[in-house]
2 protein chains.
Amino acid sequence: MRNITREELKRASVPQLKTLCDVLREEILNTVAVCGGHLSSNLGAVELTVALHRVFSFPQDKIVFDVGHQCYTHKLLSGRAERFSTLRREGGLSGFPKRTESEYDCYDTGHAGTSLSAALGIAKARDLKGENYEVIAFIGDGSFNNGLIYEALNSLRILNTRILIVLNDNGMSISPTVGGTHDILNEMKGEALPSEDVRLFERYGLAYMGVYNGNDLGETIAALEQAKEKLRETSVLLHVVTRKGQGHPFCESAPLETHGVNGESAHDAESAEYSAALGEELCSLARTDSRIVAVTAAMTDSLGLRRFFDEYPARAFDVGICEEHASVLCASLASAGMKPYYAIYSTFLQRAFDEIVHDVCGQNLPVTFCIDRAGITGRDGETHQGVFDLSYLSFIPNLAVAIPKDIGELRAMLRMSVDYPAPLAIRYPREGHEGVIPTIEIGKFEILHSTTSDIIVLAAGERCISLAEKVRLRLSAQGKDLTLVNARFLKPLDEELLASRREKYVLTIEDNALCGGLGDAVSRFYRNSGKEIYCFGYDDAFIPHGDVCSLAAEHGVSEEKILAAIEALYARG
Amino acid sequence: MRNITREELKRASVPQLKTLCDVLREEILNTVAVCGGHLSSNLGAVELTVALHRVFSFPQDKIVFDVGHQCYTHKLLSGRAERFSTLRREGGLSGFPKRTESEYDCYDTGHAGTSLSAALGIAKARDLKGENYEVIAFIGDGSFNNGLIYEALNSLRILNTRILIVLNDNGMSISPTVGGTHDILNEMKGEALPSEDVRLFERYGLAYMGVYNGNDLGETIAALEQAKEKLRETSVLLHVVTRKGQGHPFCESAPLETHGVNGESAHDAESAEYSAALGEELCSLARTDSRIVAVTAAMTDSLGLRRFFDEYPARAFDVGICEEHASVLCASLASAGMKPYYAIYSTFLQRAFDEIVHDVCGQNLPVTFCIDRAGITGRDGETHQGVFDLSYLSFIPNLAVAIPKDIGELRAMLRMSVDYPAPLAIRYPREGHEGVIPTIEIGKFEILHSTTSDIIVLAAGERCISLAEKVRLRLSAQGKDLTLVNARFLKPLDEELLASRREKYVLTIEDNALCGGLGDAVSRFYRNSGKEIYCFGYDDAFIPHGDVCSLAAEHGVSEEKILAAIEALYARG
């Protein structure tokens, strides 16, 4: 679609804007069908975002989108409509707000709960600089569970500034929103608004306004105008109810399934999801072991836990988007004799770093972290790449860190984990191949291909082992050889195997930042050994959105680079 | 004092228990005077803890102390009175709850906000195992600001279990407690309890009981008995008001100054506090630069920011124990043109890891982290050592990490930071020496002692440089020499200097875990260079409480070890 100017938006009649909403919805649907992305949340937020652009003046006014996945209409209305077909493609528009992309994006988001704090900081800077504009935090009810929100609410009065919080309440946080806060918001949706709920927000320094039907454009514009007026005196919470997937029958009926959509891509027909194996194994293990419980932070389905939740409802906990609480819950369940499995995406586990260190590992408790979407994840970009987990886990005492080479090995590691008496992290990508189920011993590598060559390659994880194997076959065709090892434990390292190797040249390959990962660990072990070590992993940069393989190559890990390095070694003789 | 048995406690009359409180208070005062520790919070909690031991049956019943610093009376009443004089001494009792120390300590704490989550996990495990005991979370009003608390509250109904929350409200969180939640709690203390506040907790699934005078033993016992009764049906929040420092006139009037007490120790008469320099420099810089703001999470005084808060109240923000929110606030203030300085202890910054990665560094915003109490801190033990910061900061793109060699260098780094346009972390210990104020260039080391020897020592931070210098002088007396470098930036490394050095032997010394710190970074730079690298830092373990120097030596960093390593190199010729 063509770019819409601010003037056009301000001039249009409400019926014209309704037509615009239809066009926007169509554009989002068509683009997401091709590029993938967040569908139902964006469909639900079309009218609300159009109304915001009608009532406020961006980019002078500032809007912070919590998580940021629901910003598509905002992008379409801020001069990016003509580039919208590049959404989530390498070099194209990001699926999240990006300061570097547009002056209309004032603050980058990606993880839940930061919008209120960010809006407060921007508003406070405005006040201190004597500037004059409005600051809006646009937040879903799912994020409203996150602890950061309460930390920000708690400091509203301390900071003594004014922001508008638009609470986009669609009842979902990928999984349906859960918990006490959600219940409170739900009660507020009732006809007779309980005065104590309004008072709750007032105590924090917020005028509460609601509830509005956020898919009714006229009503929403009127509510926002009223809120803008009130904002002269006080911070305002505008509680808007929208329908996730609005305007698309399938999305409305299946908001969970249409939260994230893959779009067109060249899928490997043989590939399967690691998450499905996680769910199957946990169900099977739980049948004979009553200590096993599963914990998730609002991601039951995408982590493969649906069946476990159905079969073992009393032992399955979705605590909402509360990654820290989930970690402490696991630690304490373990402290009292249970065997918790905490399934989470690599990037989101960053939130629980302190709790991994102190609650789980400090007490040496047998919690198993099932870390999905590890490594480069692709189109969601910087805030969703799982390329730091090996770095932030490698130095935590008591923690074992495992990297399965395929889905069969994930199964084996899970089976091993049941009797493993200490903290264990298993990190794996979204997709891979099934493979056989081996017997796994903690801290033991596997030799995949053994030769008398002077080159040994230590590769971790399916993607890297597959690259290494391709390199090996290409070299083999040239009559050159190498020994290939599945370095399936970052910690403990297989020191016995490492100590026994006689190769002069050691290569490491990992789907993680170079700094702090397998390469550093192997280098530390071989320090002053006389061996030459060459490490492949990602360079010291935030990796933007794009395709997994080309991003990996661009940031340091590719068949060609590894091949070239080995050929250079052979050339030296 | 002698150990008190459970039977004695259960049998005693209230007047006898009051006498016991006097004895306990005396014991705490005398012990803290010698061993140091948390004084006023423990004095305030004596009656409440005695009442808990009277009404509940530990260790069958479980109690989780939030932060854990207020557990002294609990320790004295659980068979540890006779060892209490070893408090915080190496090999003695920990100043925090420790599962490994006593079966009465069911969950280790140290950082704020974990107690509700932990109590919920223990209670849920109890339910799943069909056991029968009570679980209590003992929490101060300061911790009640932390986001984790709301994440736990939000899942109370989801988890469908019962816990007792004892809210020990003394109005302090080291600094006075601040924010909206505190205001709500304060209103509750009024005569006419607003019903909406009670409803607030009920919505989350908690029966609210309060307010009780927690320093009145009889009243507190009665309230706890009532709470225990109610606990049969529902989770309960018992709101108890205590007086921090109760029973000691100076502590009552100066709870902030007596929160942490140093005890007897051999203080270096010439040593000063880095925090004082931070405060002075920020005040001085703020005078001519209106962009400068300071942010703290409830630690204004111990971080040296009191004067800044007094002189620039509009540009100084204490947001309570909300480390994550403080980070996002800094990022957003910076995004809108301010220059934020976030002062925090090394160990507490772990909480904000995700926000450092995405909000600050992902957006490449000029936030300066002033990281105090870095390295081994000593008597507070595992949860308070600052030995992981170099590891968890080293791999974050865009972040510079500086390690001043003395207080003068901290001043220089702060002056440099004003125009530094990107994220910067400066980490330093509590105490050190003033030194001169040099000119600092980002990423440039300083050669402290230059020789033609084949040994170069790269030391980071005052403690390590001082060790290295002592070793150098001892070797010098033997006619042996070494080049000594102040490796004041972990990132960016001074690659120009490193590349220019011709020494065969490189030693690194750092006050941090070996994994992920300076040694690994230097090793990465010198990979395959033919140099021999020897790294001194802490081994892969949680470091317990004790004296800084002996802990450092025991875990890998001592004059003797470094000397021995260099002598071994000389012996090889």
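Helix H22 (residues 518-525) of chain A lies across strand E19 (455-459), strand E22 (505-513) and E23 of chain A, and its direction makes an angle of about 145° with E22(A). Helices (H or I, at least four residues) and strands (E, at least two) are DSSP runs, numbered from the N terminus. Axes are lines fitted to C-alpha atoms, for helices over the stretch in contact, and angles run from 0 to 180 degrees between N-to-C directions. Two residues are in contact if their C-beta atoms, placed from the backbone, lie within 7 Å. Helix H24 (residues 559-572) of chain A also lies across E19, E22 and E23 of chain A, running at about 165° to E22(A).

A word on conventions. This is a predicted model, in which local features need pLDDT of at least 70 and side-chain atom pairs count only at pLDDT 80 or more, while totals for chains, interfaces and linings use all residues. Residues are numbered from 1 along each chain as its sequence is written, and chains are lettered from A and ligands numbered from 1 in the order in which they are written.

In what order do the strands of the open sheet run? The five strands follow the order E18-E20-E19-E22-E23 (chain A), with mixed pairing; two strands pair if DSSP finds at least two bridges between them. Strand E18 (446-449) and strand E23 (532-538) of chain A stand at the edges with a single partner strand each, so one side of each is left without a neighbour in the sheet. From one strand to the next, the twist averages 25°. E18(A) pairs with strand E20 (residues 483-486) of chain A in the antiparallel sense, over three bridges. Within that pair, Ile447(A) has Val485(A) as its bridge partner.

A residue is buried if 20 or more other C-beta atoms lie within 10 Å of its own, exposed if 12 or fewer, and partly exposed in between, with C-beta atoms placed from the backbone. E2(B) pairs in the parallel sense with strand E3 (residues 135-140) of chain B, over four bridges, and Lys62(B) stands opposite Val135(B) in E3(B).

Back in chain A, is Thr288(A) buried or exposed? Thr288(A), found in helix H13 (residues 274-288) of chain A, counts as exposed because there are 8 C-beta neighbours inside 10 Å.

How do the two chains meet? In all, 89 residues of chain A are in contact with 90 residues of chain B. Helix H6 (residues 115-128) of chain A gives the most to the side of chain A that touches chain B, with nine residues.

Chain A is superposed on chain B by a rotation of 180° with 0.0 Å of shift along its axis (RMSD 0.0 Å). Copies are superposed by least squares on the C-alpha atoms of residues with pLDDT of at least 70 in both. That is the relation of a two-fold axis. Of the residues of chain A, Gly147(A) comes closest to the rotation axis, at 1.8 Å (C-alpha).

Chain A holds 24 helices and 23 strands, and buried residues make up 61% of its 573 residues.
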